[in-house]
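Subject: A structure for you to look at

Hi,

Here is the structure I said I would pass on. Have a look through it with the notes below next to you.

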Amino acid sequence: MSSPLEILADMAKYVDSSKRSFLISAFAIAFNPTFWNIVARREHRTRFLTRFFGSAQTGCYALAITIFSLGLIRDFLYERALRDQASHPLLQGELPTYAGYALIALGNLFVITSTWQLGITGTFLGDYFGILMDSMVTGFPFNVTNAPMYYGSTMSFLGTALVYGKPAGIALTSWVLFVYMVAIEFENPFTSGIYAKREKERAKAKGEGKKEL
């Protein structure tokens, strides 16, 4: 019986990272969060989208449509990359397929419920536009993980790799997870700083109000 390391080594032989579709998919995976972080931070500093579209709400919705569209393109490129790769015998059969569909379902559950909890502006970086939520969301799925959209998306990538039976999909999923972990490290402190500033301003306003009384 092969050890886990031997199985992984064997699966690695089925990954052709030189294929153009694989490289394009890897690029798209990294590009998306890089793009929205750069654009959102520039918006926070300069309000260029707010000025261009005439309001923060409209600017945020425009960015949301752009991010959603880029996500569809990324998913298409990922599926195309999988079709160009070899399948591994251990990833073919009912068990990997059912596990893949279960991961896709759970991943989509995380993404959909987190979007429902946050709303469009909360999901698509509204806080960078100055559209802040009244309080932190703590219900499902945020009581399971602080980044349900990222982890849910990662589960969907992995599930798709299992459904197709492609080790290359597992490799790209590892890249997805790495990219998202980097994004979280950049986004969470920045977002926390935005809300911390709001709380300081609220506290200052309350203090000035008491002095006037």
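This is a predicted model: local features need pLDDT of at least 70, side-chain atom pairs count only at pLDDT 80 or more; totals for chains, interfaces and linings use all residues.

**The overall picture**

The protein has seven helices and zero strands. Reading from the N terminus, the order is simply α-α-α-α-α-α-α. Along the principal axes, the C-alpha atoms fill a box of roughly 80 × 35 × 25 Å.

**α2 and α4**

Let's begin with helix α2 (residues 20–46) and helix α4 (residues 56–83), which pack at an angle of about 165° with their axes 8 Å apart. Because of that angle, α2 is roughly antiparallel to α4; the cut-off for that word is an angle over 145 degrees. The crossing of α2 and α4 is left-handed.

Which residues of α2 meet α4? Among them are Phe22, Ile24, Ala28, Ile29, Phe31, Phe35, Trp36 and Val39, along with Ser21, Ser25 and Asn32. On the α4 side, the partners include Leu63, Ile67, Leu70, Gly71, Leu77 and Tyr78, and also Arg74 and Arg80. Sorted by class, the contact of α2 with α4 has 14 nonpolar, five polar and two charged residues.

**α4 and α6**

α4 also packs against α6, at an angle of about 25° and with the axes 10 Å apart. So this time the pair is roughly parallel, and the crossing of α4 and α6 is right-handed. From α4, the contact uses Arg74, Asp75, Tyr78, Glu79, Leu82 and Arg83. From α6, Ser153, Phe157, Thr160, Ala161 and Tyr164 take part. The classes here come to five nonpolar, two polar and four charged residues.

The axes of α5 and α6 come within 7 Å and cross at roughly 155°. That angle is why α5 counts as roughly antiparallel to α6. α5 passes α6 in a left-handed crossing. How many charged residues does the contact of α5 with α6 have? There are no charged ones; the contact divides into 14 nonpolar and 12 polar residues.

The loop between α5 (94–123) and α6 (148–164) holds phenylalanine 142. Phenylalanine 142 is 29 residues away from threonine 113 in sequence, but their C-alpha atoms are 9.3 Å apart in space. Setting aside neighbours within four places in sequence, phenylalanine 142 is in contact with Ser114, Gln117, Leu118, Val137 and Pro148.

Proline 141 is in that loop as well. Is the peptide bond from phenylalanine 140 to proline 141 cis or trans? The bond is cis, with omega near 5°.

**A backbone angle to check**

Arginine 47 sits in the loop between α2 and α3 (48–53). Arginine 47 has a positive phi of about 60°, although it is not a glycine. For background, most residues other than glycine have a negative phi, and most peptide bonds are trans.

**What the UniProt record says**

The UniProt entry is unreviewed, and under "transmembrane region" it lists residues 20–39, 60–78, 98–118, 125–144 and 164–183. In the model, residues 20–39 are 100% helix and 0% strand, with the end C-alpha atoms 28 Å apart. Residues 164–183 are 90% helix and 0% strand, and their end C-alpha atoms are 27 Å apart. The record also gives residues 20–40 as an "intramembrane region". That span is 100% helix, and its end C-alpha atoms lie 30 Å apart.

Under "binding site", the unreviewed entry lists Ala105, Leu106, Gly107, Glu187 and Asn188. These residues cover 84 residues of sequence, and in space they are spread by up to 26.1 Å between C-alpha atoms. Which of these residues are in the lining of the largest pocket? That lining includes Glu187 and Asn188. As for alanine 105, you will find this residue in helix α5.

Definitions and conventions
Residues are numbered from 1 along each chain as its sequence is written. Side-chain values use heavy atoms; hydrogens and water are left out. Axes are lines fitted to C-alpha atoms, for helices over the stretch in contact, and angles run from 0 to 180 degrees between N-to-C directions. Helices (H or I, at least four residues) and strands (E, at least two) are DSSP runs, numbered from the N terminus. Angles under 35 degrees count as roughly parallel, over 145 as roughly antiparallel, 65 to 115 as roughly perpendicular and the rest as oblique. A crossing is left-handed if the near helix is turned anticlockwise from the far one by less than a right angle, and right-handed if clockwise. Contact means heavy atoms within 4.5 Å. Ala, Val, Leu, Ile, Met, Phe, Trp, Tyr, Cys and Pro count as nonpolar, Asp, Glu, Lys and Arg as charged, and the others, Gly among them, as polar. UniProt positions are given in the numbering used here, feature names are shortened, and annotations may be inferred rather than shown by experiment. On a 1 Å grid over the protein atoms alone, a cavity is a set of points where a 1.4 Å probe fits but cannot get out, and a pocket is an open set with protein on both sides within 12 Å along at least five of seven lines; lining residues have an atom within 4 Å of a point.
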